[in-house]
Protein chains: 2
Amino acid sequence: MAEKLLPQIFKFVDQNAESYKNLLKEAVAIPSVSSDAKYRDECIRMVHWTEQKLKDVGASTQLRDVGFQTLDGKEVKLPPVLVGVLGKDPKKNTICIYGHLDVQPALKSDGWNTEPFELVEKDGKLFGRGSTDDKGPVLGWFHAINAYKGVGEELPVNLKFVFECMEESGSEGLDDLLMKELKPEGFFEDVDFVCISDNYWLGTTKPCITYGLRGISYYFLEVECAKMDLHSGVYGGTVHEAMTDLIYLMSQLVDKNGKILIPGIYNSVAPLTENEKNLYTTIDFDPEAYRNSIGAYKLAHEGVKEQLLMHRWRYPSLSLHGIEGAAFQPGAKTVVPGKVIGKFSIRLVPNQEPEEIEQLVFDYVNKKWAEHGSPNKMNITAQSGRAWTENPDHPHYQAAARATKLIYQTDPDMSREGGSIPVTITLQEASGRNVLLLPMGAGDDMAHSQNEKLNVRNYIEGVRLLFYLSLTRCCSWIR
Amino acid sequence: MAEKLLPQIFKFVDQNAESYKNLLKEAVAIPSVSSDAKYRDECIRMVHWTEQKLKDVGASTQLRDVGFQTLDGKEVKLPPVLVGVLGKDPKKNTICIYGHLDVQPALKSDGWNTEPFELVEKDGKLFGRGSTDDKGPVLGWFHAINAYKGVGEELPVNLKFVFECMEESGSEGLDDLLMKELKPEGFFEDVDFVCISDNYWLGTTKPCITYGLRGISYYFLEVECAKMDLHSGVYGGTVHEAMTDLIYLMSQLVDKNGKILIPGIYNSVAPLTENEKNLYTTIDFDPEAYRNSIGAYKLAHEGVKEQLLMHRWRYPSLSLHGIEGAAFQPGAKTVVPGKVIGKFSIRLVPNQEPEEIEQLVFDYVNKKWAEHGSPNKMNITAQSGRAWTENPDHPHYQAAARATKLIYQTDPDMSREGGSIPVTITLQEASGRNVLLLPMGAGDDMAHSQNEKLNVRNYIEGVRLLFYLSLTRCCSWIR
């Protein structure tokens with residue numbers, strides 16, 4: 001079978017590369033930014049667009065209403081979750097595929113070289129917001145399914161789909177849908193494993209399969225000194241300014257080397273075993289290439305490879321993201337902001353429970369605020385998701401590793417990720433099955449950043465990879 | 001003469017109130033934001049619009065080209081300065097009038113109740129960006145000049161005009177025009193005094209005349225850790241983050257009570273004399289009303305009136321305005337900014353020279369940066385304007401006080417301002433004459449803030465006041 005199928009698929013996928021790019025272009029053109037209420041209609045449009053594509057490949061679909069959220073002080077409708085089923089043959093294995101259709105905010109003025117919501121191909125790269133995170137990988141599945149039809153083969157697995165449009169904003173509403181509706185309905189009963197393509201290779205040439213993710217605990221630290229913004233000339237010197245208080249609190253969170261200053265924060269981090277420690281030494285990771293790819297002056301931890309990997313995957317990190325309500329435009333705005341909201345987050349690692357971490361942060365910030373002794377009003381809130389790890393020796397991981405080797409002619413690294421996909425845990429709990437993170441994009445794809453891209457190579461070979469992965473009932477053949 | 005003229009003018013101005021509002025509506029509708037390159041054409045449009053109005057009252061005009069500026073990394077043309085002359089009768093006094101046509105940025109989403117660039121009248125208030133700062137006061141002069149025609153009287157003074165559209169952005173290009181072109185050309189030779197209406201009453205009911213302004217020293221504190229923004233999950237823990245460094249530096253500038261932490265910053269502040277100290281006790285200023293008007297929890301200096309006035313007028317203050325390049329939108333953006341620019345300013349007071357203050361700040365920030373020991377790149381730049389004071393016993397101030405009393409039936413307070421109008425000093429130096437700051441707006445007009453407004457009362461009575469002020473050759477009559 002392999003002898004016949006392999007060259008056919010290679011040819012079919014290559015012949016359809018242009019149509020794959022065109023479909024991604026359509027998807028990227030929908031600015032489905034989930035964090036900003038003014039793009040909510042675009043998120044909903046993106047879900048409907050994807051539902052049509054899912055119908056086009058023959059799946060039955062449902063749009064599941066998941067209620068409302070409070071965003072920017074207003075009640076806003078959440079985009080529906082798109083659920084689909086393709087094939088119910090009890091003799092076949094069933095893969096549940098998860099992907100997200102929403103994107104991080106992006107403006108040309110942020111420093112993009114091209115319009116963020118217009119897919120542009122240059123030097124073998126497809127630039128556009130969402131190209132790699134996560135619209136390209138989602139579309140990869142549609143292309144893989146179509147490839148069976150293209151070469152006249154029957155789909156060898158049943159597929160189930162869960163596509164949401166709120167991942168970049170805490171997957172609001174999804175947990176309840178998975179645990180309280182889909183699970184009781186038996187949606188996961190015949191699922192053999194879950195596959196998510198929403199992460200990246202470690203570098204730019206070698207594929208990997210991912211068995212761990214950090215969680216995230218995101219904080220909104222609000223300080224108010226007045227009911228409005230004030231002219232700094234007229235009011236400066238007569239009010240206790242909110243920015244002064246906020247900057248003070250933000251300065252107490254982390255030191256210049258990235259050490260988190262919140263007492264107890266490292267206590268529950270999973271202990272490093274000798275076995276795990278050895279894993280890092282064999283991973284293909286070049287700190288100098290990594291440093292160069294982002295133009296950093298110097299990496300943390302003196303640029304030592306194992307330290308970098310560990311601090312990216314198994315130790316928590318705290319980042320200060322910015323301030324809402326203060327001057328952010330170019331030029332000299334002379335305003336004393338009346339209310340400011342500092343944003344920071346802690347990436348959580350195995351054994352760190354979000355509730356425990358949130359409490360440590362709240363206690364510390366409240367203590368620092370009391371010591372500070374400002375007459376202004378302070379409030380801190382959080383939204384969090386747990387870290388996740390899976391056993392990389394599981395048979396499904398081994399099968400995915402073999403599929404990867406077939407496509408890329410090399411054994412994939414077994415890696416973790418520093419980022420967070422909280423739904424991974426929920427899918428693991430809802431299905432009671434193994435969850436596999438199979439990245440499509442490269443390590444320099446710049447998800448969340450300016451000039452996000454997906455390499456044409458990763459997109460096209462990724463389609464082949466997903467095709468092979470869906471041959472799981474042929475595991476023995478792939479083996 | 002007075003018996004005949006007074007009621008005629010009162011009647012004429014009242015009859016024309018609607019047309020005054022309509023003209024202000026036109027002016028506010030032009031979003032002449034000078035700090036943002038994308039509004040530069042609107043600034044130029046605003047200058048042309050005003051030139052036509054100046055021609056309409058019979059003045060001869062010139063648009064003076066003042067070259068280019070670097071804004072947001074690009075070379076951008078500066079709006080021309082509008083210069084005008086109305087009357088050259090050697091038997092008459094000549095007043096030079098300065099005003100600015102540009103405005104601070106404003107977005108509805110900043111928290112405005114109405115569209116910022118649409119003048120809306122409500123409860124006797126004219127809401128709109130620029131209504132009080134400084135389009136209303138500029139138009140006041142046109143109305144006052146027209147009032148002479150309206151009652152069939154000849155203008156009793158010669159007028160000269162200098163209107164710019166860069167005041168909110170450091171009056172770029174204006175100093176050179178005033179000192180190196182207009183002054184050598186003899187523009188100021190016949191000027192008796194300069195009048196600027198670009199400040200506010202202290203409160204909301206009692207008029208004032210202003211004899212002092214603080215200067216400003218505005219700082220751009222840039223820290224770069226990478227050539228692009230980074231995903232906090234992927235990179236967090238492996239880079240020295242620019243925000244951590246910037247927040248640290250910003251936290252070292254001022255304490256929660258507003259005390260500036262830069263060594264030597266208070267050394268050159270003009271000493272407080274017993275005479276000056278006594279001045280503050282008689283000023284009409286109600287701290288509790290002031291606190292209420294801005295909704296502050298508690299004022300600085302325990303809310304003591306004299307302390308508040310002194311810290312607003314004669315002591316420097318440092319405000320942290322915000323951060324460019326970091327997340328500022330609502331919601332949870334999980335980005336590690338690659339380059340951030342912290343913005344802060346110090347309001348300068350008499351005897352504080354900008355060069356001296358800039359040096360103190362640079363030295364301190366560089367020292368703190370060296371102590372901090374980050375591998376990232378830091379750079380600090382500044383733009384500054386000096387503080388200004390004038391002798392409030394000067395005959396022109398006394399004449400303005402009498403005019404004010406005629407309109408408002410009360411002696412004005414002789415006050416200073418906490419804000420900065422750097423051109424005041426240049427106009428003083430260029431003309432070699434007395435500069436008078438005669439405010440039109442009220443203390444709660446919220447210039448630079450959300451919901452900026454000009455009271456209808458202040459606008460209409462302000463026109464009468466400017467009418468009377470132009471009767472300076474009749475000082476003996478007013479006296």
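## A look around the predicted two-chain model

Chain A averages a pLDDT of 93, and 98% of its residues score at least 70; pLDDT is the predictor's confidence in each residue, from 0 to 100. Residues 474-479 of chain A are another matter: there the pLDDT is below 50, and beyond near neighbours in sequence the stretch has 11 contacts in the model (a contact means heavy atoms within 4.5 Å). Where pLDDT is low, the predicted coordinates should not be read in detail. For the complex, the predictor gives an ipTM of 0.80 and a pTM of 0.80.

Some housekeeping: residues are numbered from 1 along each chain as its sequence is written, while chains are lettered from A and ligands numbered from 1 in the order in which they are written. This is a predicted model, in which local features need pLDDT of at least 70, side-chain atom pairs count only at pLDDT 80 or more, and totals for chains, interfaces and linings use all residues; side-chain values use heavy atoms, with hydrogens and water left out.

Let's start with helix α14 (residues 456-469) of chain A, which meets two other helices. Helices (H or I, at least four residues) and strands (E, at least two) are DSSP runs, numbered from the N terminus. Axes are lines fitted to C-alpha atoms, for helices over the stretch in contact, and angles run from 0 to 180 degrees between N-to-C directions.

| Helix pair | Axes come within | Crossing angle |
|---|---|---|
| α12(A) (395-408) and α14(A) | 9 Å | roughly 135 degrees |
| α4(A) (131-150) and α14(A) | 8 Å | roughly 60 degrees |

That makes α12(A) oblique to α14(A), and α4(A) and α14(A) are oblique to each other too (under 35 degrees is roughly parallel, over 145 roughly antiparallel, 65 to 115 roughly perpendicular, and the rest oblique). Among the residues making the α4(A) contact are A:W141 and A:Y148, with A:F467 and A:L469 on the α14(A) side.

A cis peptide bond joins A:D133 and A:D134, with omega about 10 degrees, and A:D134 lies in α4(A). Over in chain B, the bond from B:D133 to B:D134 is cis with omega near 15 degrees, and B:D134 is found in α4(B).

Two non-glycine residues have a positive phi of about 50 degrees: A:D123 and A:S171. A:D123 is in the loop between β6 and β7 of chain A and is exposed, at 67% relative accessible area. A:S171, in the loop between β8 and α5 of chain A, is buried at 5%. Buried means under 20% relative accessible area, exposed over 50%, and partly exposed in between (1.4 Å probe, protein chains only).

Burial also marks helix α10 (residues 305-313) of chain A: seven of its nine residues are buried, so the rest of the structure largely encloses it. Those buried residues pack against α8, α9 and β18 of chain A, together with α6 of chain B.

In chain B, strand β11 (residues 215-224) has nine of its 10 residues buried. β11(B) pairs antiparallel with β15(B) over 10 bridges, and B:Y219 has B:F344 as its bridge partner there. Nine bridges join β11(B) to β16(B), also antiparallel, with B:F220 partnered by B:T381. Two strands pair if DSSP finds at least two bridges between them.
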